[in-house]
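Visitor: I would like to walk through this model with you, one chain at a time and then across the contacts. Shall we bring it up?
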Amino acid sequence: MIVPIIFLILCVAGFFFTGLPATFLMNEMVIRLARNLILVLSLIIPVITGMGLNFGIVLGAMAGQIGLIVITNYHIGGGLGLFLSFIISTPIAILFGFLVGKVLNKAKGKEMITSMILGFFANGVYQLIFLVLAGTLIPFRNKNLLLSSGIGLKNTVDLAGIRYSLDKLIPFHKINLGFFQWLSRYPIATLILTLLLYLLVNYFLKTKLGQDMRAVGQDMHIAEVSGINVDKTRIMAIIISTVLAAWGQIIFLQNIGTLNTYGSHEQVGLFAVASLLVGGATVDKASWKEALIGTFLFHLLFIISPLAGQNLMNNAQIGEYFRVFVAYGVIGVALLLHAWEKEKARLSIDDS
Amino acid sequence: MNSLIEKIGVPRLIIALFLIGLILVAVYLKIPLSSLITDILVRFGMNAILVLAMIPAVQSGIGLNFNLPLGIVFGLIGALISIEFKLSGFFGFIVSILIAVPLAAIAGYFYGKMLNRIKGQEMTVGTYIGFSVVSLMCIFWLVAPFKSPELIWAYGGNGLRVTVSLESSMAHVLNNFWSFKIGNVKIPTGLLLFFALCAFIVWIYSKSKKGLSMKVAGSNANFALSNGIDVDKERVWGTVISTVLAAIGIIVYSQAFGFLQLYNAPLYAAMPAVAAILIGGASLHRAKIIHVIIGTLLFQSLLVVALPVINVLSEGSMSEVIRTIVSNGIILYALTRPGGDTA
Amino acid sequence: MELLQMENITKLYGENRVLNKVSLSIREGEIHGLVGENGAGKSTLMNILFGMPVIHSTGGFEGEIFINGIPFNPKSPEDAMKAGIGMVHQEFMLIPGFSVTENIKLNRERTNPTLLSKIFGNKLERLDLSLMAKDSRQVLDKLNMTVDEYLPVAGLPVGYMQFIEIAREIDKEQLKLLILDEPTAVLTETEASQFLDVVRKLSEMGISILFISHRLDEIKEITHSITILRDGEMVKTIGTDKISIVDIARLMVGRNIDMVKAKDEERDIKDEYILELKDFKVNMPGEKVKGLDLKVRKGEILGIGGLAGQGKIGISNGIMGLYETSGTIIKDGKELPLNNPRNSLNSSIAFLSEDRRGVGLLLDDPIDFNIAFSSLEIQNKFLKKIGPFNLIDNRTVREHALKMIEELDIRCTGPKQHTRYLSGGNQQKVCIARALTLEPNLLLVSEPTRGIDIGAKKLVLDTLVKLNRELNMTIIITSSELGELRQISHRIAIIYDGKVKGILPPDASDEHFGLLMAGETLDKVVN
């Protein structure tokens, strides 16, 4: 519990230096929670299955982006476009998840660094595909997507067609009542979907498969001897994680409104993992509570730190670097503590 | 035939064939080979010491040192201080190293101590410690009390420049030292000699009693223990040497490049170095000087030759993409081999 | 009616025949004891019956198994479970973070179908925790266990964990045969007697029990019949009431040992001690030494025997300072600092580890470096000074290796061959060469012939005898194979529960050795 408390203190202290009105901050936080919670959620199941923090959700984010690029190519916008992008990205995410799972099964005990390097590697392949093959081997109907040479995707893809298509799915603004007008300022549909997915994951953990995952996460050997197919269970965990990440990325981008073709997915793993850890999760323990608390605190810090830096040191950049440092630092410390505990457990194994 | 492939190693074979293919295309496209070779020599020399830093790390048993940025930032500090005092040429270069080495050694010592408490997880933790160090140093670059106009923004912004030109200080001091031309190929004699010197020191150390103890500690900790070796101490030693080499490595790199790159530039600095030594035939548990030389040569040649070839064939930052795929691909390959065998 | 029949079971690991035509049959509700020394083949037999993957990845087995007269060929533990066979392993198969209930119902959870499970398959059925708890309560009651079924297993006393494992097995409705592998090893005396009551109760319920134990009194007390294995052969199957503990012990140990030692070769060893251990404790996992006293005479070969897990391996490792040690070691009349391998090596002690490949060798370094390294590290030999550097002198290293290769007849392609590619026997010789290079006066040898084929075994043992005779080197040899101890030692200390149970001459009777190894006192023989 100590980690979230430290961050809470940091946030509260920082808040006084920002001079921001609390209501503004809270409004901003609701929006940020809505667009980030599912990405963070996608990390929980691999942690429970004992595979650590899945930096491989970058591949899920890519699957989501592929879905978005396809619908933009065919000029399909609105709710239908969004729905289609979900439909398209899901099988791709399942395939990616399967591949990641296969690779991680070959690197048991080194899952985290492997998933991280896998993310970098996939990023290279992704760039290769969209820089060189797009417009040449892969035909594009929407020429606006391509660079002037006709080869390679532009750096940014305008997602105006589906912007807010989930956030404002329920047309509160059409009801001319104060309460509904107030509601319409918030991404209610997104929050409802998020809630549903959280409930779904929670339900899932109480199923037979969820129990198998917990068993595998606690002790692979015992699970194996008890007749649980360990490798298959681990692959399932990664597939679910990857699919959730794909959906999470679509929801994130429909709120942002533009897709940074070669950059949007890069930091997904970093920020989601940092969020979960700030909430007090560890490498082998995480639940919806940590995801919720962590996302809130981490993004609060995200808003606050540049402003606090500006007001305190007269330098907004300090705050910006500070929050990046926090993201890396919190992951570094979490990994350090985890490895430390493991080493201690190894040394004290015969003390009993 | 199979045994030959096994001896060379599949990854090396693929990369070498790919490289040969690229060279053939380059010849076909009439890209002058002499400039390519000049580039390859320079890039080999400027990267090889960073790759060399992997050797003591692997030999002492901490595995591939993903925390290269730790040494790098101290190398940068050394160079910055020497510029701040308006030192230039060889003198500036030497002073940079003299400042950087003790700082890196101290940092390496504490990092090594830390690694002893997390055996088996060095790579994962090291990567993120490295990222943290780089991002923490970003703040430092912003607030560091440097005054030299070479270093800070001309229009009076905050902190150090993102890239600091070394033109007026130590740029190319090694590259130009005793450099000569064979045809159109320029040989950066000083650069190559300096690498040779570093490699020689690492090699002679690995043949000395101290170095042998370290190697044994790294290749079989239990064996070392039963022979009265303090394994933890040897691991700290390996970490210190590796970190120091990283600091020296970045100074050499920067003088050849002509610029100091601050802020986020060192973030992924470990990846190409790790990739290069793996391409050279090292594994997570075994690395030799020859792996450094083969690996750096193959990897850098690939990047140098790929750049103009691809620029003719297509556009965009393809060289960067190839680097990402090759370097992370080879690391991935090494990580997923059973028992971390030779890549 | 016969529940289980195993007929003519033969198993080879490579060239090594670990089971030879073993047959076994158990009636319904019978408690059948299985006894034998380490390496007699008990575990292999159980692994075959339980379908462990290790059997099939090494080429399967020969022979036939019938359950209720129906042929049965288990390919995986799941097959065995389906056929009604349960096993309680020596190490606990419990997940610490799970509750008692979750452990009992592990991978046999009770579930309820839901909408999602109808779409995505029954893996998504929801767990019915209350039903699972009810089931667990029922089996726990059968065992007279009062423990709360919702408690996490971590933190429960060790004795409870054993019962929970049993509860899990009897919760399997079709359970017909339960294999108990050393079930009382971790229990206290009271827990053990409670446990035996439970076993009897199970047998009354009609479940057959295959009971593996080193505690012969336990076997005698609880089983209906006994099978004795020795060196992979079945020695005897007999009703428990028809055999005495002494006879069991004799049959377990006895074998035809060619006492190669001619009388005239026995030297006169004086009562002069090279090494004394006092209240010696070693915290080696699985092989703890618990306050042992032992004196080693100069010039003798002292054998240390005993069953696995009793602490015999811990002694040498403790003397070398490789595991946390307390007590007193006196070497050549001087007290030896504890927990310091370098000091032990400096005091003319050398050690051949039982873990040859893990501790004894640098597998990816050449033979010559392996042989020279200890001496280089400890005694600064094989070095040459060039300027400020103290470098390895490859020429002397190589010359020395060539000499050793010839002396010990190490079969290799040359001194630069990596030790990984040598056979077990030759690897052991490299270890011996490394130890000899240190020129010790006390050599500790741990399991020197483990994993070595028979021909090479003899060579290794002969080498040790030769060192003892020609160089008057004192040797402490620790081995699980009593036969080889009796072949070369002057005295044999049997270790039981971390202490010396007794010291016997090599020609003492089989009963004596058997009883000491089973932790009995020798007066039983007299009775």
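Visitor: What percentage of the residues of chain A count as buried?
Guide: Do keep in mind that this is a predicted model. A residue counts as buried if 20 or more other C-beta atoms lie within 10 Å of its own. Among the 352 residues of chain A, the share that counts as buried is 51%.

Visitor: What radius of gyration does chain A have?
Guide: The C-alpha atoms of chain A fill a box of roughly 65 × 55 × 40 Å along the principal axes. For 352 residues, a compact globule would have a radius of gyration near 20 Å. Chain A agrees with that, at 21 Å.

Visitor: How many helices and strands does chain A have, and what part of its contacts joins residues 24 or more positions apart?
Guide: The secondary structure of chain A comes to 14 helices and two strands. Counting contacts in chain A with a separation of 6 or more, the part from residues 24 or more positions apart is 73%.

Visitor: Why is chain C described as being as compact as a globular protein of its length?
Guide: Chain C has 20 helices and 24 strands. The globule rule gives 24 Å for its 527 residues. Chain C is as compact as a globular protein of that length because its radius of gyration is close to that value, at 26 Å.

Visitor: And what percentage of chain C counts as buried?
Guide: The C-alpha trace of chain C spans about 80 × 65 × 45 Å along its principal axes. Of the contacts in chain C with a separation of 6 or more, 66% come from residues 24 or more positions apart. Of its 527 residues, the buried share is 45%.

Visitor: Which element supplies the largest share of the side of chain A that touches chain C?
Guide: That contact takes 15 residues from chain A and 18 residues from chain C. At least two residues each come from α9 (208-218) and α10 (220-225) of chain A. The chain A side divides into six nonpolar, five polar and four charged residues. Its largest share, five residues, comes from α9(A).

Note on methods
Residues numbered from 1 in each chain as written. Chains lettered and ligands numbered in written order. Predicted model: local features only at pLDDT ≥ 70, side-chain atom pairs only at ≥ 80, totals over all residues. Contact = placed C-beta atoms within 7 Å. Helix = DSSP H or I, 4+ residues; strand = E, 2+ residues; numbered from the N terminus. Nonpolar A, V, L, I, M, F, W, Y, C, P; charged D, E, K, R; others polar. Rg over C-alpha atoms; globule rule 2.2 N^0.38 Å. Buried ≥ 20, exposed ≤ 12 C-beta atoms within 10 Å, placed from the backbone.
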